[in-house]
Amino acid sequence: MSKPFISLCPEITRANALNLMDWLEDESVTRYLSDSRHVSRFIEQVLGRVQLPILTHLFNQGGRFFMAYDRHDVPVGFVRLVKTGADCEMVLVIGDREQWGRKLGASAIREGMKLAFFDMRADKLIAKIHVDNARSLKAFLRCGFVLENETPSLKSFSLLSEHYLRQLRESALDDPAGIYITEIDEARLRTIVALEHDSDVMELEHEIERAIVVDARQVAPDIVTMNSKALLRLDDEAMEVFLVYPEEADDSTGKLSVCSDIGTAILGYKEGDAIDWRMPDRTRHIWIEKVLYQPEAEGDFHL
């Protein structure tokens, strides 16, 4: 069975707004959502007065709103992140009832955690959950949140940034699908992330934090390291790429920046691995068919 997959997309279209209205009219979906009537009324007003095809800026008032898509690019819910000072609060809804029970909620929470800590730079992420919402309580606990306080109707959970980072590193050791990078690559990649300070390298920073770091002389020869050449299959398209640092990137010669979507996606994976990765327009399926060249395997170590 495929591992649960969710991607969070910041672009909100009119079609998305209609999806949201359908979900918010379902009492089983809104049962534990305290502001569902307010949200539904807001969406109805927006659709009535604004004829734009893209409504992102309206949904981001007072916070950041993301549609949650499955690996087939079907919208299944939404995540809202509201940052106040150093804290960020997450609201999560899986609106498509047909998708309940597939652990998509936990996948959406992990994607929201990534955005809150790496993009929005929150120190603490908070989730307030109705005491009877057993499904959400279980999902947030599974993702490492701890109970902070509670009232007769709500339980407030939180996760600190340092705990999240430790959780990423510890879970990598037990993940059979984990990624590997060399000590040399890690040092240079961290410098790139520090200099960029841009959401474009958010995914790269996340991959570095969750990677297992190894000595360059000990990395397996079928791992995609920096300056490796690999044969990929992107959906149904075969392509050969060199994974390089940003200043060396050249699409015309197949030199792909590690900061690009595909470059970040394949870093640290091994020959035979398959990856679902959200690009700006859709989710792509990437299969690493063969590692054609790896500098470490050739004894070519360099800074």
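Modeller: Strands (E, at least two residues) and helices (H or I, at least four) are DSSP runs, numbered from the N terminus, and two strands pair if DSSP finds at least two bridges between them. The model is predicted, so that local features need pLDDT of at least 70 and side-chain atom pairs count only at pLDDT 80 or more, while totals for chains, interfaces and linings use all residues. Residues are numbered from 1 along each chain as its sequence is written, and side-chain values use heavy atoms, with hydrogens and water left out.

Colleague: In which order do the 7 strands of the open sheet lie?

Modeller: The sheet is open and its pairing is mixed. From one strand to the next, the twist averages 30 degrees. Its 7 strands follow the order 1-2-3-4-5-7-6.

Colleague: Why is one side of strand 1 left without a neighbour in the sheet?

Modeller: Strand 1 (7-9) and strand 6 (146-150) stand at the edges of the sheet. One side of each therefore has no neighbour there, because each has a single partner strand.

Colleague: At about what angle does the direction of helix 5 stand to that of strand 4?

Modeller: Helix 5 packs on the sheet and touches strand 1, strand 2, strand 3, strand 4, strand 5 and strand 7 (154-160); contact means heavy atoms within 4.5 Å. Axes are lines fitted to C-alpha atoms, for helices over the stretch in contact, and angles run from 0 to 180 degrees between N-to-C directions. Between helix 5 and strand 4 the angle is about 155 degrees.

Colleague: At about what angle does helix 6 run to strand 5?

Modeller: Helix 6 lies across strand 4, strand 5 and strand 7. Relative to strand 5, helix 6 runs at about 160 degrees.

Colleague: Is P10 buried or exposed, or does P10 fall in between?

Modeller: P10 belongs to the loop between strand 1 and helix 1 (14-24). Buried means under 20% relative accessible area, exposed over 50%, and partly exposed in between (1.4 Å probe, protein chains only). With a relative accessible area of 43%, P10 is therefore partly exposed.

Colleague: How far apart are the C-alpha atoms of P10 and H57?

Modeller: Leaving aside residues up to four places away in sequence, P10 touches T56, F65 and F66. P10 and H57 are 47 residues apart along the chain, and their C-alpha atoms are separated by 9.7 Å.

Colleague: Is T56 buried or exposed?

Modeller: T56 is found in helix 4 (residues 56-59). Not counting residues up to four places away in sequence, its contacts are P10, E11 and I12. The relative accessibility of T56 is 17%, so T56 counts as buried.

Colleague: What separation is found between the C-alpha atoms of V131 and T151?

Modeller: V131 sits in the loop between strand 5 (124-130) and helix 6 (134-142) and, at 24% relative accessibility, counts as partly exposed. Beyond residues up to four places away in sequence, V131 touches L137, T151, P152, S153, L154 and K155. V131 and T151 are 20 residues apart along the chain, yet the separation of their C-alpha atoms is 8.6 Å.

Colleague: Which are the edge strands of the open sheet with 5 strands?

Modeller: This sheet has the order 12-11-10-14-13, with mixed pairing. Its twist averages 45 degrees from one strand to the next. Pairing on one side only, the edge strands are strand 12 (255-257) and strand 13 (274-278).

Colleague: Which residue in strand 14 stands opposite L232?

Modeller: Strand 10 (residues 229-234) and strand 14 (residues 283-293) run antiparallel, joined by 6 bridges. A230 stands opposite V291 in strand 14. The residue facing L232 is I288.

Colleague: Which residue in strand 14 is the bridge partner of W277?

Modeller: Strand 13 and strand 14 form a hairpin with 4 residues between them. The two strands pair in the antiparallel sense over 5 bridges. In strand 14, the bridge partner of W277 is R284.
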